[in-house]
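Visitor: I have a model open and some questions about its fold. Can we walk through it piece by piece?

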Amino acid sequence: MRSHLPHPATPISDAVLAVKRGKKRGNYSCGRCGMPKKGHSCQLPRNEDEVLSVCTPGADASSTSASAVVSSKLDDSSPLSMVRSLPPPMRRRALSFDDVSVAVSAEESETEWVDDPDPNACGFLPMSCLWEVLRRLPPLGLMSAAGVCKGWRDTTRRIWRGTEELRLGVPAKAQIGFLGSVMQKCSGLLKLTLRIESDFDATMLACIAFSCPNLQSMQIFTADNSVNRISGEELSRFIADKRCITSLKMEGCSNLGSFVFFSNTLSILWLSDLHSLSKTAFNLPNLKEISLGFSQQENDNTDLTAVMDALGRSCPKLQNIHMASVRLSHAAVLALTAANLRGLRMLSLLLGSAITDGSVASICSSYPNLELLDLSGSSITDSGIGMICNVFPETLSKLLLALCPNITSSGIQFAAAQLPRLELLDCGMTICDPSSQNCTDEEDYDSRLHETPNSKLHLVYQKLIIKHNRLKKLSLWGCSGLDALYLNCPHLKDLNLNSCRNLHPERLLLQCPDLESVHASDCQDLLVKTIENQVNNSFPATEKHFPSKRMPDGSKRVQVPYFYSPQHSDDDKERRRGVKRPCLVVAS
């Protein structure tokens, strides 16, 4: 701190001056100008007596002479304020942090945009871009990227830690340690999907349970040559220990034998390739969807009636049931319908040849709110279809009746007419011609029609007419007994006509402007060309399909069948304004 200097014209005693100019310890500033001493060279006079000589006592000089003395000691151009030790303007301090602060702020602003300025780390690539690139790599590629540099290694670690879903293919030569090393990197993993190409057992389940404590969903798919050796007891223990798991899907469950499942969180359970289950118990109060697929081997001795009864008693919240087994029977359906599953929305019972119209009546009386019903492979008839149409006209949107040999084209037409909310209809292998495999010409068609017994007339050479405003997918694959088809479905997108060998091109009419794909494998070449012309050329040969009538004025008017009504909604008009995508006709 600098001392106070009196005005040079003011007389003052030495005692008073000594008191006012007392030396102070610890002052690191210049005593004359007040600037810091470090690196400082003062410009003021070093001998203060030259400046203060006019102020000493006993001096007889007047104020004018005193001013002259001061002026003689200082330069004429120097201002009088220099005596007060004011620092000169624009003088740079020895330790100035002004420019340094600007430089630091510039660095900080740069680091906000470039996360890693080290060129050896990420090559000046912003962290956001590096993250987006690395997170799209497969697990093996991500592990290789970790060896590039430190910046990439840190980024891959953050990606592993932030991964919530992992889809991994385990090759046949990979060991269990490979799977463990990958999953240990994902501390926050919630969904795991594995495709295993080698044999595996409960050791893999233990590795998953240890590496993924918060796992919620697990899917295990097997290759054709891999074997799942997990037993029912080991799988039951895994489900009971994983308190967070909500979804479990596993293939190749032929070695389970028996199981007792207990979980308060499991809501989705899919098990396939089941075989000869001796004991089944379900304690899954929150289960909403279950799929049990059994092997089609003749030595399968699973009691499906007991399985259905256990499901109905222990899983009250079931909404979707899918079961495929050749041992499905009417007794198993009765055991299921005896349960109070009022929330059931999807019921799929496949390959049950012993399921009859009585089973359909039991289903209709117990579950009136079904949205999907799949009875493929059953023995129901057109009467069963009539019961389905009477009970589910306002709810059913998907009906699958493939491989049902007792269904005729009349039953299919009735279902399409009585189910206005229908969006998917699968009637593959229903209208079949068991006595003919390659009937292509009309002469062979007529001869076989006369040769066919009366009991099989409803199975061959039938005509199908469908008009529906909501139908989006129609499957008629394998209907070799179908010779005429007329469709008026404005919202139909997918049509399957594979192996419809006896369908005649001149008896085909497709009025489906929204068609995106037509499958016509194993069909006549002329039929494939007719389909391509109708779906992509806006029906150029309409007169070939409908008879024409000569009018008095000489013009021709085409007579259309009763089901065709050229009523166009506003959506149809808006659809015509856009460019229609060409329909894909798949034929091999």
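Guide: One term first: two strands pair if DSSP finds at least two bridges between them. Keep in mind too that this is a predicted model.

Visitor: In what sense do strand 16 and strand 18 pair, and over how many bridges?
Guide: Pairing takes at least two bridges. Strand 16 covers residues 482-488. With strand 18 it pairs in the parallel sense, and the bridges number four.

Visitor: Which residue in strand 18 is the bridge partner of Asn 488?
Guide: Strand 18 spans 508-511. The bridge from Asn 488 goes to a residue in that strand, Gln 511.

Visitor: What is the strand order of the open sheet of three strands?
Guide: Pairing in this sheet is parallel. Strand 14 (462-467) and strand 18 are the edge strands, each pairing on one side only. Neighbouring strands are turned by 15 degrees against each other on average, direction ignored. The order is 14-16-18.

Visitor: Which residues of strand 7 point to the buried face?
Guide: Strand 7 runs over residues 279-283, and its side chains alternate.

Visitor: Which residue of strand 7 is the bridge partner of Ser 258?
Guide: Strand 5 covers residues 258-262 and pairs with strand 7 in the parallel sense. Five bridges join the two strands. For Ser 258, the partner is Lys 279.

Visitor: Is Ser 247 buried or exposed?
Guide: Ser 247 sits in strand 4, residues 247-250. Beyond four places in sequence, Ser 247 touches Gln 216, Ser 217, Met 218, Leu 266 and Ile 268. Its relative accessibility is 8%, and the cut-off for burial is under 20%. Ser 247 is therefore buried.

Visitor: And Ala 417, buried or exposed?
Guide: Ala 417 lies in helix 16, residues 409-418. Its C-alpha atom is 9.9 Å from that of Pro 393, 24 residues apart along the chain. The relative accessible area of Ala 417 is 57%, and exposed means over 50%. So Ala 417 is exposed.

Visitor: How do helix 10 and helix 11 lie against each other, roughly parallel or roughly antiparallel?
Guide: Helix 10 spans residues 202-211 and helix 11 spans 232-241. Their axes are 10 Å apart, at an angle of about 5 degrees. Angles under 35 degrees count as roughly parallel. That makes helix 10, relative to helix 11, roughly parallel.

Visitor: How many residues in the contact of helix 10 with helix 11 are nonpolar, polar and charged?
Guide: Helix 10 brings Ala 202, Leu 205, Ile 208 and Ala 209. Helix 11 meets them with Glu 234, Leu 235 and Phe 238. The division is six nonpolar, no polar and one charged.

Visitor: Now the whole protein. What percentage of its residues is buried?
Guide: The secondary structure comes to 20 helices and 22 strands. The protein exposes about 32,100 Å², with 52% of it from carbon and sulfur atoms. Of the 588 residues, the buried share is 41%.

Note on methods:
Residues are numbered from 1 along each chain as its sequence is written. This is a predicted model: local features need pLDDT of at least 70, side-chain atom pairs count only at pLDDT 80 or more; totals for chains, interfaces and linings use all residues. Side-chain values use heavy atoms; hydrogens and water are left out. Buried means under 20% relative accessible area, exposed over 50%, partly exposed in between (1.4 Å probe, protein chains only). Accessible areas come from the Shrake-Rupley method with a 1.4 Å probe; for residues, only the protein chains shown count as cover. Contact means heavy atoms within 4.5 Å. Axes are lines fitted to C-alpha atoms, for helices over the stretch in contact, and angles run from 0 to 180 degrees between N-to-C directions. Angles under 35 degrees count as roughly parallel, over 145 as roughly antiparallel, 65 to 115 as roughly perpendicular and the rest as oblique. Ala, Val, Leu, Ile, Met, Phe, Trp, Tyr, Cys and Pro count as nonpolar, Asp, Glu, Lys and Arg as charged, and the others, Gly among them, as polar.
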